[in-house]
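Let's take a friendly walk through this model. Have a look at the chain below, and then we can go through it piece by piece.

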Amino acid sequence: MSKKKTALVISAHAADFVWRCGGAIALHAKLGYEVTVVCLSFGERGESAKLWKQPGMTLDKVKAARRAEAEKAAEALGVHKLLCFDLGDYPLKLTDEDKNRLVEVIREVQPSFMLSHSQYDPYNTDHMYTTQVVLEARMIAQAWGHNPGQKVLGAPQLYLFEPHQTEQMGWKPDVFLDITEVWEKKRAAIECMEGQEHLWEFYTRVAQNRANHFQRNSGGQSGGRAALYAEGFQSVFPRTLDEL
Ligand SMILES: [Zn+2]
């Protein structure tokens with residue numbers, strides 16, 4: 001049995017992993033986890049408006065720019081491996097072969113936990129489609145009859161990271177993670193996303209607000225631990241405990 005600590009992030013577009021769980025990535029990298037990030041697409045059509053407004057822009061140029069940004073951000077966060085599947089966006093669609101590729105990655109990484117999008121997102125169906133695909137791939141990776149002989153997957157938690165316009169997504173956090181000690185890394189990764197500068201301050205404020213919730217839920221005014229920056233997550237599966 002491998003003693004490596006690993007985690008897997010599955011991001012619909014190239015920048016999602018930065019805004020939504022960059023702190024969790026940097027924190028776990030610091031804790032010795034090998035964090036693998038899969039970007040199913042570059043967000044080249046739907047999340048690159050600033051680039052498309054430049055004259056003479058082409059799809060290949062946008063993809064190259066988004067790949068470069070994602071690689072730079074991954075480095076800033078301490079990502080172990082960044083895998084860009086380049087499957088296209090708006091809409092994102094996976095063939096059975098693409099899904100099998102994701103299953104292979106899950107089995108190879110054997111993550112202690114996984115991270116992906118909210119289950120509902122009427123503004124961005126690529127996001128909710130990704131989560132549906134992740135659940136399907138997780139299920140297949142657990143099946144003893146799928147590619148017998150390979151190591152099957154255990155039962156890693158799937159954490160859903162915070163979407164944009166939270167209330168519209170039916171997303172309700174049940175975990176707050178203090179990312180204060182790695183905030184500078186997340187901010188550096190955020191600033192790699194030059195095409196989406198309008199979101200830099202927004203996601204800084206999100207982290208500050210979630211830090212307030214971290215403190216409130218870790219004891220509130222009777223000794224809650226202070227945090228300056230945090231990320232919220234919604235877990236899909238129950239936890240198994242010996243004590244409450
Ligand atoms: Zn996205």
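Is Phe202 buried, partly exposed or exposed? With a relative accessible area of 29%, Phe202 is partly exposed; buried means under 20% relative accessible area, exposed over 50% and partly exposed in between, using a 1.4 Å probe and protein chains only. Tyr203, at 3% relative accessibility, counts as buried.

A word on the ground rules: this is a predicted model, where local features need pLDDT of at least 70, side-chain atom pairs count only at pLDDT 80 or more, and totals for chains, interfaces and linings use all residues. Residues are numbered from 1 along each chain as its sequence is written, and side-chain values use heavy atoms, with hydrogens and water left out.

**Rings and charges**

A search of the whole structure finds 6 aromatic pairs. Phe202 and Tyr203 have ring centres 4.9 Å apart and planes at 85 degrees, so this pair is edge-to-face. Rings of Phe, Tyr and Trp (its six-membered ring) pair if their centres lie within 6.5 Å; planes under 30 degrees apart count as stacked, over 60 as edge-to-face and the rest as tilted. Elsewhere, Tyr33, Phe113, Tyr159 and Phe233 are linked by ring pairs into a cluster.

The cut-off is NZ of Lys or CZ of Arg within 6 Å of the ring centre and within 35 degrees of the ring normal.

| Charged residue | Ring | Distance to ring centre |
|---|---|---|
| Arg101 | Phe85 | 3.8 Å |
| Arg138 | Phe237 | 3.7 Å |

**The zinc site**

His13 (ND1), Asp16 (two OD entries), Glu47 (two OE entries) and His127 (NE2) coordinate the zinc ion at 2.1 to 2.7 Å. Donors are N, O and S atoms within 2.8 Å of the metal (3.2 Å for Na, K and Ca); water is not among the atoms, so sites may look incomplete. The angles among the 6 donor atoms run from 51 to 157 degrees, and the site is irregular. Six donors count as octahedral if opposite donors are over 155 degrees apart and all others between 65 and 115. Along the chain, the donors follow the spacing H-x2-D-x30-E-x79-H. Asp16 lies in helix α1 (residues 16-30) and His127 in helix α5 (residues 125-141), so the pair ties together parts that are 111 residues apart in sequence. Helices here are DSSP runs (H or I, at least four residues), numbered from the N terminus. Asp16 is buried at 1% relative accessibility, and His127 is buried at 6%.

Notes
Tetrahedral: all angles 85-135°; square planar, octahedral: opposite > 155°, others 65-115°. Helix = DSSP H or I, 4+ residues; strand = E, 2+ residues; numbered from the N terminus.
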